Amino acid sequence: MDKDKMVKALNQALAQEYACYIRYKTHASVITGPYAPGVSARLDEIAEDEEQHAQHLRDRIVALGGTPTMAPEASDLIPATKLKDILSVNIKEERKAIAMYQKLLNAIPREQRILYETIEHILEEEMEHLEELERLQE
């Protein structure tokens, strides 16, 4: 993948991370029910992970000579207020992110070690988020 295509792909990932941050923070605020405090705290923590992913992506985009986007991916801003719906939305979105990062990882030459390891780390965290959300859904 050439540099311009890589910057474009990273910016798409960045837009998705912005939306994930907003979605998790909003879901953490609106959730109700007996498990709300614990789940809300975890959703806030996941949101902070997503913000860190965004920062790593911005750093890599700039290192490649690109300009980071400032716009979230609007289609990822899915509202929900009930625990079941919140978990369902976020599980779906984590699966989407995992697929995107796996595809991106496969397109990065191993010589671009910093970029490769950055995406690999983000992918691992997204997989952890999915696993945890799926356990909460049971």
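## The core

The largest nonpolar core of this predicted model has 39 residues, and the members touching the most others are Leu10, Leu57, Tyr101, Leu104 and Ile119. (A nonpolar core here is a set of buried Ala, Val, Leu, Ile, Met, Phe, Trp, Tyr and Cys residues joined through side-chain atoms within 4.5 Å; buried means under 20% relative accessible area with a 1.4 Å probe, protein chains only.) Helices H1 (3-30), H2 (36-63), H3 (83-107) and H4 (113-137) each give two or more residues to this core; helices are DSSP runs of H or I, at least four residues, and strands are E runs of at least two, numbered from the N terminus.

Take Leu10: setting aside neighbours within four places in sequence, Leu10 is in contact (heavy atoms within 4.5 Å) with Leu57, Arg60, Ile61, Leu64, Leu104, Leu115 and Ile119.

## The overall fold

Along the sequence the chain reads α-α-α-α, with four helices and zero strands. Buried residues come to 44% of the 138 in the chain. Of the contacts between residues at least 6 apart in sequence, 78% join residues at least 24 apart.

The C-alpha atoms fill a box of roughly 50 × 25 × 20 Å along the principal axes.

## Ground rules

Numbering runs from 1 along each chain as its sequence is written. Since this is a prediction, local features need pLDDT of at least 70 and side-chain atom pairs count only at pLDDT 80 or more, while totals for chains, interfaces and linings use all residues; side-chain values use heavy atoms, leaving out hydrogens and water.

Methods
Buried < 20%, exposed > 50% of the residue type's maximum accessible area, 1.4 Å probe, protein only.
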